[in-house]
Amino acid sequence: MSATFWVWFGIAVYIAAGLGIALMARRRLGVGVSEFFLANRRVGGFISALSYSATTYSAFMMVGLVGLTYFTGVGALGFELTYLCGMFMMVFFLPRFWLVGKKYGYVSPMELLSDRYQNKGVGATTAILALVFLVPYGAVQLMGVGYLMNGISGGAIPVVAGIIIAVVCAIAWSSIAGLRSVAWTDSFQALIMIVTSAVVLGVVVAALGGFGSFFSKLEAASPGLLTVPTAGGAWNINMFIGLALPWLFFLISNPQVSQRLFIPKSVTAMKQMLGGFLIFGFIYTLISVLWGFSATLLVPGLENADLATPKLLSLTMIPTGLAIVVMIGITAAAISTIDSILLTLSSVWARDIHKGLINPKVSERGELRVGQWVIPIMAVIAFVFAWWAAGKTGLNFMIAPLSAAASAGLLMAVPTIFGAFFWKRATALGAMVSCITGAIVVLIFQITGFRPLGWWPGTWGFIVCAVLFVGVSLSTRPPKEKAEEFIGYLRGALKKGNFI
Amino acid sequence: MTKSAWAWVWFAFLLALDIAIPWYVLTSVEKVSGAFLFWTIWAAAAIISAFIILLKWRGVEE
């Protein structure tokens with residue numbers, strides 16, 4: 001039977017397994033908004049860690065990062081590990097989010113900001129930021145699945161068919177039982193992702209004569225890819241900062257991951273979540289980058305670097321069955337990210353825009369219904385964007401830069417989040433003005449390609465945003481009472497748990 | 001300085017190394033033992049530091 005048949009067969013098995021897990025999760029689904037969007041804050045450490053890993057790591061890694069390494073070399077490793085180093089900030093933010101989430105019952109990070117700044121406009125502004133910038137990020141996941149299925153089937157499966165499969169699965173996983181189905185399917189998918197990618201790396205490295213021989217061949221064939229800036233001119237410091245800055249603060253700027261900081265059921269679960277993720281992330285990053293380097297040796301000269309993974313998996317040294325299982329693993333990585341994005345966007349719309357601004361008296365049931373409607377709508381928007389972007393070529397339309405561009409917009413919420421936890425003088429007007437202006441700067445610079453001093457849009461946006469946040473806050477009145485109460489509560493609770 | 005302040009300083013130091021070493025010290029080392037090895041060890045150091053802190057957390061409700 002043909003490879004295309006086996007690809008379809010693999011997809012069918014994956015969908016059936018995912019659907020089974022999601023339906024099992026549904027049996028434990030309770031009632032209410034907190035139950036649907038946060039699994040009632042009762043998720044154990046193991047599931048939290050795997051779900052956080054699967055949500056964070058996406059098609060971006062095994063398609064985008066592999067392509068970026070293939071195209072630009074070792075700077076891609078530094079860029080991705082800078083994100084992981086940024087996770088050090090979890091030692092500050094994880095306990096803070098978790099503690100205030102439990103105390104005040106926040107469902108979304110935006111609700112936290114609205115309450116802390118005593119202004120629903122802050123939640124709505126950051127919610128709109130998320131809605132605008134998470135769409136391209138979600139679309140990137142879909143593109144990854146499309147490229148992969150197309151590549152492995154030798155073109156028999158069109159890119160758009162892969163995109164449609166990913167959209168349908170993401171809608172199903174997130175709608176069936178909310179965070180419960182997302183977390184359970186995420187965990188299943190995270191295990192597939194790491195195991196299959198490690199096995200392929202083993203096969204490829206063995207075929208290249210072991211790690212020693214692999215590295216010697218790499219140094220001989222592409223020495224320019226092993227330093228920064230690379231011989232081809234990529235990874236000058238401006239490019240590195242432009243791409244890495246949004247990644248550094250990804251843990252708080254991206255609501256689909258920061259919302260996860262509310263879900264661990266205990267401090268032990270929180271420790272397992274962070275520890276488990278750090279180990280997973282380190283291994284998975286190294287595997288992805290080594291895939292990229294092995295592709296430079298085995299499939300040189302590709303015009304579209306995002307095709308490095310599909311081409312690598314099409315090599316005869318990779319058994320067809322293994323290639324298909326890996327394709328499923330990468331598809332799982334993409335879908336586990338986009339379903340989390342859809343779920344978060346639906347909670348953000350329902351809680352921070354619908355309830356926060358449009359209809360404050362809506363019942364909990366009505367709020368939930370609105371959220372559930374948003375899931376397919378956002379999925380369709382992401383689908384249209386992915387379809388459009390998949391037809392383009394060039395660095396700006398590669399998966400990794402496109403992901404970083406989306407995160408550059410989300411970066412504008414970072415000063416507001418820092419202010420909420422660390423600065424009593426921070427104000428709602430400072431938060432809103434900085435987010436809106438910063439996002440406009442990012443969008444204009446991104447669309448026009450304007451880069452004064454060679455600095456990237458995210459870098460400029462962040463500078464403008466931080467300056468405005470401080471300046472406007474200092475010239476307006478802070479919500480003094482709430483700030484004292486919020487930060488005062490945290491001070492005591494952090495001390496009690498030996499957090500820092 | 002508080003423990004929290006020390007942790008922020010350590011984090012800032014790690015970020016300074018992230019730029020300084022690959023671009024200014026290892027920029028002419030076109031080998032796996034250059035930037036590749038540095039970033040691997042550097043990230044491991046960041047992870048270990050996070051573990052040192054999180055292992056001291058204790059249950060506030062347990």
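Modeller: Here is a close look at one helix pair.

This is a predicted model, where local features need pLDDT of at least 70, side-chain atom pairs count only at pLDDT 80 or more, and totals for chains, interfaces and linings use all residues. Residues are numbered from 1 along each chain as its sequence is written, and chains are lettered from A and ligands numbered from 1 in the order in which they are written.

Take helix 9 of chain A, residues 159-177, and its packing on helix 17 of chain A. Helices are DSSP runs of H or I, at least four residues, numbered from the N terminus. The two axes lie 8 Å apart, at an angle of about 55°. Axes here are lines fitted to C-alpha atoms over the stretch in contact, and angles run from 0 to 180 degrees between N-to-C directions. Helix 9 and helix 17 of chain A are therefore oblique to each other. Oblique covers what is left after under 35 degrees (roughly parallel), over 145 (roughly antiparallel) and 65 to 115 (roughly perpendicular).

Which residues of helix 9 of chain A meet helix 17 of chain A? They are Ala166(A), Cys169(A), Ala170(A), Ile171(A), Trp173(A) and Ser174(A). Contact means C-beta atoms, placed from the backbone, within 7 Å.

Buried means 20 or more other C-beta atoms within 10 Å of a residue's own; exposed means 12 or fewer, and partly exposed is in between. In helix 3 of chain A, 11 of its 12 residues are buried. Among them are Ile47(A), Leu50(A) and Tyr52(A).

Definitions and conventions
Helices (H or I, at least four residues) and strands (E, at least two) are DSSP runs, numbered from the N terminus. Two residues are in contact if their C-beta atoms, placed from the backbone, lie within 7 Å.
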